[in-house]
Amino acid sequence: MKRSCISIFVLIVLLTTDGFSQIYESMPCGCCVNTELKDLLKGKKLAKIYLHECGVGGAHTLSSSFLKPGGVAPKDPTKDPNYKPAYPDDAIGEAEEFAMNFDKWSCTYAASMLKDGDVKTAWVEGVAGYGIGELVIAPHLNASKKVELFTGFGKSEALFKANSRPKTIKVHVLKIEYNGNSAQCGTWYENVELLKTQTVALQDVNKFQLISVPAFKRETYMRDSMEYDYVYWVMLEIVDVYQGLKYQDTCISEIRNIE
């Protein structure tokens, strides 16, 4: 059964002897979901887009959805009414540890899993059905170089067959302007547009395979009398799938450049 994507922002603030103090800014992976990405397929430009870059939930990735993890979420021990720290700093440390563990848990199937270098983890789309039309962006890729994709859930052959895998995808190249504004955990970009698209048929194999990225010409733009290079990102769209034996969820384990 599908589980809806979470999209939350948690800010933990503890009362210390010096007053209120922010000690950890928790950014669960819901901050890396942007449903407006689908507007690009309609020929629209996105005026602005935020790329979260910190921690487990960032790592330079975005998607239109992802699957909420199952099981029980980590709990903050300091919220237990019977919690009594031996020393004041214990509460701070345990709250920080909880926040980091919660972030890691929330990111189990997030887009950041595409570039963690581990085929045993995967981005899993988070909508009903087989995820047809769902999008994932890998801004870390060099769109001008060869790209390899590891489709399915690569943790084991059993999980690979149990879950759905992309059969056909559209590989989009996006052209973007960097607007020069950075936040504590990310960067703002603007004037995002779909530049090129290519449909790619995939093999149903539990290993890396080469995919085609549409060719494009790199360009520059002017701002405040200065010339800048456009930024180019690769975006994947699920078009058709090899259906899983047990789950409808469609997975992609890894994407990377090769020389």
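Author: This is a predicted model, where local features need pLDDT of at least 70, side-chain atom pairs count only at pLDDT 80 or more, and totals for chains, interfaces and linings use all residues. Residues are numbered from 1 along each chain as its sequence is written, and side-chain values use heavy atoms, with hydrogens and water left out.

Reader: How many helices and strands are in the protein?

Author: Helices (H or I, at least four residues) and strands (E, at least two) are DSSP runs, numbered from the N terminus. By that rule the protein has two helices and 14 strands.

Reader: Is Arg165 buried or exposed?

Author: Arg165 lies in strand E8, residues 165-183. Buried means under 20% relative accessible area, exposed over 50%, and partly exposed in between (1.4 Å probe, protein chains only). Arg165 has 6% relative accessibility, so the residue counts as buried.

Reader: Which side chain makes a polar contact with the side chain of Arg165?

Author: A polar contact is a pair of N or O atoms within 3.5 Å; within protein, one must be able to donate a hydrogen and the other to accept it, and residues adjacent in sequence count only if both atoms are side-chain atoms. The Arg165 side chain reaches the backbone oxygen of Phe160 at 3.3 Å. Its side-chain partner, at 2.7 Å, is Asp204.

Reader: Which cysteine is in contact with Arg165?

Author: Contact means heavy atoms within 4.5 Å. Leaving aside neighbours within four places in sequence, the contacts of Arg165 include Asp240, Tyr242, Thr250 and Cys251.

Reader: What is the bridge partner of Val124 in E14?

Author: Two strands pair if DSSP finds at least two bridges between them. Two bridges join E5 to E14 (residues 251-258), and these strands run antiparallel. In E14, Val124 is partnered by Cys251.

Reader: Why is the pair of Tyr50 and Trp188 tilted?

Author: Rings of Phe, Tyr and Trp (its six-membered ring) pair if their centres lie within 6.5 Å; planes under 30 degrees apart count as stacked, over 60 as edge-to-face and the rest as tilted. The count is 10 aromatic pairs. For Tyr50 and Trp188 the centres are 5.0 Å apart and the planes stand at 50°, so the pair is tilted.

Reader: How many residues apart in sequence are the parts that this pair ties together?

Author: Tyr50 is buried at 19%, whereas Trp188 is partly exposed at 34%. Tyr50 lies in strand E3 (residues 46-52) and Trp188 in strand E9 (residues 186-201), so the parts tied together are apart in sequence by 138 residues.

Reader: Which rings are linked into a cluster with Phe102?

Author: Phe102 and Trp105 form a tilted pair, 5.6 Å centre to centre and 45° between the planes. Both are buried. They are three residues apart in helix H1 (residues 88-106), so about one helical turn separates them. The rings clustered with Phe102 are Phe98 and Trp105.
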